[in-house]
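Here are my notes on this structure, point by point. Please keep the 3D view open as you read.

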Amino acid sequence: MNAMPSIKLEDITVTRGKRKILEHFNLDIKNGEYFALVGETGAGKTTILNVISGLIVPEKGRVLIDDVDVTHVAAERRDVGMVFENYALFPHYTVYKNVAYSHRVRDRNVEETKKAAREVLSLVLIPNRDDALPKELSGGMQQRVALARALMTDSGILLFDDPFSALDAGLRMSLRIELKNLARDLGTTVVHCTNDVEEAMMVANRLAIIKDGYIEQLGTPDEIYFRPKSIYVASFFGAVNVFKIKITQIDVTRGYYFGIHERGEQERKEFGIAIKDGIPEFKVGDDALLCVRAEHCYINKGFRKKPNRIYGTIDEISFLGHILRFEVKDEFGKRYVAKRFVNEKTYHLQFQKGETVTLGFHHKLALLFNYPGDKEMERLEQNI
Amino acid sequence: MPKIELMDVTKTFSEGKVLASDNITLTISDGDFVFLLGPSGCGKTTLLKLIAGLEDPSSGKILVDGKDLGMVNPEDRNIGFVFQHFQIFPSMTVFENVAYGMTVRGYDDASIERIAIEALKLVKLDHRVLAYPKELSTPELQKVGLARAIATRSRTLFLDEPLGKLDPKIRRPFRHELRRLIKTLGLTAIQVTHDQEEAMAIADKIIVMRAGKILQYGSPEDLYYRPNSIFVANFFGETNFLEGFVSNVTKDSCTFHLHLGGPKFEVKLAPGHAFKNGAQVMIGYRVEDIELIELHESMQAESQELDLEDKPKMNTIKASVTDAIFIGPSKRFIVKLENGDVIQAKHSSKFLLDIQKGEDILVGFHEHPMVFEYPDDLRKELSKA
C-alpha cells in the first residue's frame with residue numbers, strides 16, 4: 001500500500017440531467033488526513049466520493065491523487081477502498097472470498113492474497129470466520145468484513161459512505177473509535193461521509209460542511225463548533241436559540257458589542273456579546289442575528305433581570321439520559337431550548353414544568369451573524 | 001381518551017413454532033405516549049399490530065376502554081396510522097390526501113374541508129393545501145401523513161418509525177414538534193422506533209422487548225437509572241461495565257473486587273438484593289458518571305479533606321488517558337485503568353477540561369453503580385441486534 005496519498009479536486013463540475021450536483025468544486029485533502037464530509041441527504045457528499053473513486057467522471061475539472069492527474073483513470077485502476085452504508089458484500093461469497101475479491105480479479109498470487117487477507121481480517125477483528133456467509137454475521141461483523149475488503153486495495157485511500165448508519169448506537173460508537181485508530185495506525189488517507197456531525201467530529205482531523213454541492217465551511221472540529229461561519233453550520237449540533245438584535249454600542253477596548261432585541265411595545269431584551277474571531281464587523285444601528293446554543297444556555301430558578309437573560313416558564317422537560325432538555329416559553333410566547341448535562345449525582349436538582357426560570361448565557365459563548373432577513377428569521381424562530 | 005389493556009396475550013406464527021408475543025400483560029394509560037423498542041425480530045411490530053387490531057391474539061384478551069377489541073369491527077376501532085414511508089398518494093394534492101379517508105366514508109364537503117384544514121393547521125401545512133407531494137420536502141410529506149391520521153379524529157395514534165426517513169438535523173426538532181402535537185390533542189399514542197435517543201426524548205413510557213417478552217416497562221428515567229438487566233442498561237445510553245466479584249456482602253453494600261488484579265472498593269446494593277459472598281458480578285457506570293481527576297487536583301483535594309465531608313464518597317483508580325476527543329457539545333475520553341480495562345467518559349465541553357491524551361490521572365467511581373449478576377451469555381446480553 002502506498003502510504004498517505006493526498007487528494008485534490010480542482011474545479012469539478014458534475015451534472016445530472018439539468019441539475020448541477022457540483023459546480024466549480026474544489027477540495028484539498030492532505031496526505032494521511034482523516035477527512036469528513038458532513039451534509040444532509042442530497043447535499044452532494046456521495047457524488048464527491050464517487051468523483052474521487054472514479055465511479056463518476058466529472059464533466060469539468062481534474063482529480064489528482066498524490067499530484068498525479070487521474071481524472072480519466074478508470075475506477076478499478078484507481079483502486080481506492082470503499083465502504084458503503086449497506087456493506088455491499090457479495091451474498092453468495094464467503095467472508096474470505098469477499099475480502100480476497102479485488103486481488104483475485106487482478107490475478108494476484110494466491111499465497112500473497114491469503115497472507116494479505118489474513119492480515120486485514122485480523123486487523124478488523126474477524127479471525128476464524130473465513131467460511132461464513134455474510135448473512136450468518138451480524139450487521140457490525142458484516143461492516144468489518146466490508147472494511148477488510150476495502151483495506152485490501154493498494155492506493156492507501158479509503159472512502160467511507162455513511163458506513164455506520166445501519167448499525168445501532170452502541171456499536172456505532174465503538175466502531176468509530178476503532179476505525180479512527182486503525183486509519184491512524186495504517187497511515188491511510190480517509191474521506192468519510194456522514195449526515196451525523198458528531199460522528200464526523202469523533203473521527204476526523206478536519207471536516208467540511210457540504211450544502212447544495214458547495215462547501216459551507218471547512219475546518220477542524222474546534223473551528224466548526226466554536227467559530228461556525230453561518231447559522232446553518234451552527235445548527236448541525238442541535239438546537240440554537242436565535243434573536244434579531246440591533247447593535248446599540250461597540251466597546252472596542254473591552255471587546256463588546258451591545259445590542260437590544262425589541263418587538264412590539266413591550267418586548268425588550270438587552271445583550272452583550274464578546275467580539276472574537278470569526279464574528280463579522282458591525283456598525284451601531286446594524287441588525288444582527290444573535291445565536292446561543294442550547295447547551296450554552298444555563299437555567300436557574302426564579303427571576304433575575306439582567307442583560308443576556310431570558311425569563312419564562314418551563315413548558316417541557318425531556319430526559320435524554322446524560323442531558324436534560326428544557327423548553328422554556330417567555331411571556332411573549334417565544335420558545336427557547338436549554339440543555340443541561342446531568343448524571344446520577346446532579347439529576348436530583350430537578351426543575352418542574354410550569355416553574356418560572358431564568359435562562360442565561362456567557363457573553364463569550366454567543367455567536368453573531370449578519371441578519372438573514374425577516375423571512376429566514378421567522379423560519380429559524382419556528383424551527384427551534 | 002382510551003385506555004388499552006392487554007391480558008395474557010400470546011401470539012404465535014407458523015403453527016405455534018414462532019412465539020412473537022409471549023404471555024404479555026400490560027396497561028397503557030389514556031393520554032400516554034408509549035414507545036415500543038427492542039432489537040429487530042423482538043416482536044414489537046407484532047405487538048403494535050395486536051393492539052391496533054390488525055392481528056388477532058392466539059390467546060388472551062385486549063381491552064380498549066374496557067371493551068374487548070375482538071368484539072369491535074376494524075372500521076369502528078377509530079385508530080390513526082402514521083408510517084415511515086408516508087404512503088401518500090402522489091397524484092393527489094395535500095388537501096385531497098388528508099381528505100381521502102373522509103371522502104371514502106361519505107362525509108359532507110363542508111365537514112371534510114373544516115376537518116382537513118384544521119388538521120393541516122395543526123401540522124403547520126395549511127399554506128400548502130394545493131401542493132402535490134412531489135413539491136414537498138421529506139418532513140413536509142410526513143406532516144401530510146400526520147395530518148391525515150389526525151383527520152380521522154381517532155383518539156389513538158399508531159406510529160411506525162415516523163421519523164425514520166429524516167436527516168438527524170431535521171429529525172431532532174421534528175420529534176419535539178410531534179410530541180407537542182400529540183399532547184395538544186390529548187391522544188394516546190404508540191410508536192415503534194429503533195432509535196433509543198428518540199424514545200428517551202419524547203416518550204412518557206417505554207416498553208423494551210426481547211424475544212416476544214417485555215423486559216421492562218417504565219418511564220425513560222426508570223429505564224436509565226434503574227435498569228433491571230444488563231441488556232436494558234446497555235440498550236439506553238452508554239455504559240461502562242466492569243467485571244469482578246463481591247465480598248463482605250451486607251444487606252445494602254459489598255466490597256467489589258475488579259478483575260485482572262484490579263483494586264477493590266465499596267459499593268452500595270439495592271435493598272432486597274440476592275448477592276452472596278464470592279458472586280461474579282458486572283457493575284455498570286454511565287459514561288457521564290465517570291469522574292476524571294487530574295493528579296495535582298487530587299493532591300489539593302487531600303490537603304483540604306475537611307471541606308470534602310459532605311461530598312459523596314468516591315472510589316479512585318489510577319489510569320491513563322489514551323484519547324481525548326472534542327465532539328462539540330461534549331468531550332469524550334478513552335481511559336485505560338491500571339488493570340488494563342478500557343472505559344469511556346463523556347463530559348460537557350463547557351467545562352473546558354484540560355485533561356490531555358497520554359496524561360496519568362485518577363478515575364473516580366461513585367458508590368452507587370448498577371450491579372448485575374454475571375450473565376450466562378455476556379455477549380448476548382450486550383448485543384443489541
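At what angle do helix 2 (residues 94–104) of chain B and helix 4 (residues 138–151) of chain B pack, and how far apart are their axes?

1. The angle is about 30°, and the axes of helix 2 and helix 4 of chain B lie 8 Å apart. Axes are lines fitted to C-alpha atoms, for helices over the stretch in contact, and angles run from 0 to 180 degrees between N-to-C directions. Helices (H or I, at least four residues) and strands (E, at least two) are DSSP runs, numbered from the N terminus.

2. Before going on, note that this is a predicted model: local features need pLDDT of at least 70, side-chain atom pairs count only at pLDDT 80 or more, and totals for chains, interfaces and linings use all residues. Residues are numbered from 1 along each chain as its sequence is written, while chains are lettered from A and ligands numbered from 1 in the order in which they are written.

3. Back to the helix pair. Helix 2 of chain B and helix 4 of chain B are therefore roughly parallel to each other. The cut-offs are these: angles under 35 degrees count as roughly parallel, over 145 as roughly antiparallel, 65 to 115 as roughly perpendicular and the rest as oblique. Helix 2 of chain B passes helix 4 of chain B in a right-handed crossing. A crossing is left-handed if the near helix is turned anticlockwise from the far one by less than a right angle, and right-handed if clockwise.

4. Which residues make this contact? Helix 2 of chain B brings Val94(B), Asn97(B), Val98(B), Gly101(B) and Met102(B). Helix 4 of chain B brings Val144(B), Ala147(B), Arg148(B) and Ala151(B). Two residues are in contact if their C-beta atoms, placed from the backbone, lie within 7 Å. By class, the contact of helix 2 with helix 4 of chain B has 6 nonpolar, 2 polar and 1 charged residues. Here Ala, Val, Leu, Ile, Met, Phe, Trp, Tyr, Cys and Pro count as nonpolar, Asp, Glu, Lys and Arg as charged, and the others, Gly among them, as polar.

5. Helix 2 of chain B also packs with helix 3 (residues 109–122) of chain B. The angle is about 130° and the axes are 9 Å apart. Helix 2 of chain B and helix 3 of chain B are therefore oblique to each other. Their crossing is right-handed. From helix 2 of chain B, the residues include Phe95(B) and Ala99(B); among their counterparts in helix 3 of chain B are Ile112(B) and Leu120(B). The classes are 10 nonpolar, 1 polar and no charged.

6. Now the sheet. Chain B has an open sheet of 6 strands in the order 6-7-8-3-9-10, with mixed pairing. Its edge strands are strand 6 (79–83) and strand 10 (213–218) of chain B, each pairing on one side only. The twist averages 15° from one strand to the next. Two strands pair if DSSP finds at least two bridges between them.

7. Strand 9 (residues 205–210) of chain B pairs with strand 10 of chain B in the antiparallel sense, over 5 bridges. Look for Ile207(B): its bridge partner in strand 10 of chain B is Tyr217(B). Helix 1 (residues 44–52) of chain B packs on the sheet, and its direction makes about 155° with that of strand 8 (188–192) of chain B.

8. Strand 11 (residues 240–251) and strand 12 (residues 256–263) of chain A pair in the antiparallel sense over 5 bridges. Gln249(A) stands opposite Phe258(A). This hairpin has 4 residues between its strands, and Gly255(A) in the turn has a positive phi of about 75°. Strand 12 of chain A also pairs with strand 13 (residues 267–274) of chain A, in the antiparallel sense over 8 bridges. That hairpin has 3 residues between its strands, with Gly264(A) in the turn at a positive phi of about 65°.

9. How many residues of chain A are in contact with chain B? There are 37, facing 36 residues of chain B. Helix 6 (169–186) of chain A gives the most to the chain A side, with 5 residues. That side divides into 15 nonpolar, 13 polar and 9 charged.
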